[in-house]
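Dear colleague,

I am handing over the structure we spoke about, and my notes on what was found in it follow directly below. Please read them with the model open beside you.

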Amino acid sequence: MSYKRESRERNELRIKNIEETLKHPETLVPDCLDRVLFCPFVAYEKKLKENVDLLKFSKSHDEFLRGLAETKRAIDDDEISFSGLLKTPHGTATYFKKGDTDQYVLAGIQNEKHDVFRMLSFSRIVLSGKSVIYSCGSYYRSTCRNTPPESIFIENVLKEENISFTSHTQTGLPLIGSGDDFIELYIFGEPKLLVGPQSKINTPTKILKYVLCKDPLQIFSFNIDKLSRFSDKGESALFASYIGGGITDLDFFQQVVSRRKSLAKDSGLFLIGAEPFPDINSFLGKIDLSESEKKAISNLWPSGEGIYIDDASPRKLYETLWPEIGEQIVDHLYPGALEKHRDIMKGNPMEILERLDRTLKLEETKEKMQLRSWSVPSGQLADLIVLGITEGSDSLSDYISKMSMKESDSQAVAFCIQELFKLNKSQSWKISSDAAIKGRMISPYVEKIIQNPGQDPDKLFQEISKIIR
């Protein structure tokens, strides 16, 4: 227990605030949402009506009532100079002590204007498991029968914590973030808040700051619709960590869904969103894949294992399959390419397949044409001819934009290709008039090669050596 010493004059404002509270001690008592027989809060209201003499509670066995009497004695002491310091997760509360009342109860009574600290007045009742208190702004309520707070309480908390929210169009519940998926948070079994899965805060701890209870796990529960058929008891441990502040909204959502996806896979079912399929072939038939891709995946996927993807996109499918059979798919679709192009096997699976497909097509075209270069500019021209036949204008523009244009013959090559393929001439400022003339001279040869790539293209290509070195 810590104390600090200050003169009564220094504590004058605090004492004045406490005196105001003691003039109307019933304001400390939260309005009970249940108001049932033997409700302690209703009993307190009755005992504190009108101008009650608080000192008569000095020997009470009730901690709250005795705390009122002790607080009265403490502030009436002209020589009061010590105040206690109560450290809480939400700041340090000060209080005056003049007896043996619980420090939490005293701190609650003497900080009535503080949304969080005022709940401590009834910490003994709460710790006994007999009640829960909600306190934020003008909303100050209690429950003895597990009644959830009204919506205004959640809205008050979100505003107090500067958390932006909207009203969900279908349920009317406050919604943090957006999207089709969300965490649905319940208080005593009643849905109270929707949390978008991209939220990087921990929403339950923000709410719990304004709730005094014995066990948050007895109050809070959740629902995530996504793959809910695969929820299991293991999610309880995740939720406990979440409620305890150990992980963010984003982490909790991802870990729950990841666990469910794993269970879906182990179940042997094939799912796209909520739609099930009887076998892998009908599942793959829903996705835009080539027949060779479908055959490869169907043959390679382990028997007895299921697959889950959010939607019927090839990207989602490959991202799911890749860790397990990615290299086998490559080997099946492009025999021998895996070892030869190991450097390409990095990044997103779809990008890997696209790069492989492009590389192999270029290699195939280059192998068929057998264009033998004799210099840097002729090598550039050979590459551009292969690119033009295999891929078209976009790849040509990209290649030319990265070309070295130091040599006049390189400029001629660029000019020739730009003219033949009608490309954007963004590099034209680098091309001299002499190079442009050479470019026009080689154009007929290049055009014939492109139009008839199967008619001994290298023979024509070698003719160009008479024009560019």
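The sulfur of C39 has its closest cysteine sulfur in C32, at 3.5 Å, and because a disulfide requires two cysteine sulfur atoms within 2.5 Å, this distance is too far for a bond. Please keep in mind that this is a predicted model. C39 itself is buried, with a relative accessible area of 4%. C136 is likewise buried, at 1% relative accessibility, and the closest cysteine sulfur to its own, that of C213, is 15 Å away, which is again too far for a bond. The structure as a whole holds zero disulfides.

As for open space, the largest pocket holds about 460 Å³. It is lined by 21 residues, of which P89, H90, L208, V211 and L212 are the closest to its centre. The elements that contribute two or more residues to this lining are β3 (82-88), α5 (123-127), α7 (203-208) and β11 (211-212), and the largest share, three residues, comes from α5. By class, the lining of the largest pocket comprises 14 nonpolar, five polar and two charged residues.

With best regards

How values were computed:
Residues are numbered from 1 along each chain as its sequence is written. This is a predicted model: local features need pLDDT of at least 70, side-chain atom pairs count only at pLDDT 80 or more; totals for chains, interfaces and linings use all residues. Side-chain values use heavy atoms; hydrogens and water are left out. Buried means under 20% relative accessible area, exposed over 50%, partly exposed in between (1.4 Å probe, protein chains only). On a 1 Å grid over the protein atoms alone, a cavity is a set of points where a 1.4 Å probe fits but cannot get out, and a pocket is an open set with protein on both sides within 12 Å along at least five of seven lines; lining residues have an atom within 4 Å of a point. Grid points are joined across faces, edges and corners, and a volume is the space filled by probe spheres set on the points. Helices (H or I, at least four residues) and strands (E, at least two) are DSSP runs, numbered from the N terminus. Ala, Val, Leu, Ile, Met, Phe, Trp, Tyr, Cys and Pro count as nonpolar, Asp, Glu, Lys and Arg as charged, and the others, Gly among them, as polar.
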